Amino acid sequence: MGAVKGTAKGGDAMAEPAPKRTFQPKHAAIAVVMMLIPVPPALLLSATGLSGGITILMLGTFAGMMPALLMSLKRTLIVVLVMGVINAVAAPSAPYVLLAGIVMGVTALLYGLTSRWHVTAITSMAAISVAFTMADPPTVVDGASTLTNAVLVGALAIAGGLWGAGVGSALGRNLPTRPSVASLSWPSVWTYGISRSARTRST
């Protein structure tokens, strides 16, 4: 018997095969460009002799670029500034267990609060940058005081974040508009944020 095409007996449309995913050179090119975005400021920083701060600068760049692609520039700048301040505090706090636990707990809490606007995924790099600073505090300038080094760490995180935010905002103009989603209720957000903070501090 010949195969029946079109509509089945009960009037239900027959399922069509899923479209095959094909390799898109344009997407690969965009990914490569995004990976290269931190390189210019990193080379500039290396030329000034401050190579000890390259990691935090590059992490800051990604932390600013990712939210700028999909969020407003104003909210992205808030993320960048908060990230810089926490990194500055994290650097001198790392050797002290209690202080390190408090800093990471606050970081996890703030990260959890971003769930109100459904942006936890694109702000995760900011929290990761703090974790890197805490795990291996960078020495930006040999022989600098603890305070000076902390200020430099925070400044480099913000500088990288501003560079990433600028580039990400420009690239984001060519992306589809992010659909508007209703904000989560504050009780749910605080519950999630506090739970993340408690789990982070306990580890």
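I began at Trp-190, which is partly exposed with a relative accessible area of 39% (buried is under 20%, exposed over 50%, partly exposed in between; 1.4 Å probe, protein chains only). The model is predicted, so I note its terms: local features need pLDDT of at least 70, side-chain atom pairs count only at pLDDT 80 or more, and totals for chains, interfaces and linings use all residues. Residues are numbered from 1 along each chain as its sequence is written, and side-chain values use heavy atoms, with hydrogens and water left out.

I then searched the whole structure for aromatic pairs and recorded two (rings of Phe, Tyr and Trp, the latter by its six-membered ring, with centres within 6.5 Å; planes under 30 degrees apart are stacked, over 60 edge-to-face, the rest tilted). Trp-117 and Trp-186 form an edge-to-face pair, at 5.9 Å centre to centre and 85° between the planes. This pair links distant parts of the chain, 69 residues apart: Trp-117 is in the loop between H5 and H6, and Trp-186 is in helix H8 (residues 186–202) (helices are DSSP runs of H or I, at least four residues, numbered from the N terminus). I noted Trp-117 as partly exposed at 32% relative accessibility and Trp-186 as partly exposed at 35%.

Trp-186 and Trp-190 form a tilted pair, at 6.5 Å and 40°. Both lie in helix H8, four residues apart, about one turn of the helix.

Last, I looked up His-118, in the loop between helix H5 (97–113) and helix H6 (124–135). His-118 has a positive phi of about 60° although it is not a glycine, and its relative accessible area is 32%, partly exposed.

Conventions. Helices (H or I, at least four residues) and strands (E, at least two) are DSSP runs, numbered from the N terminus.
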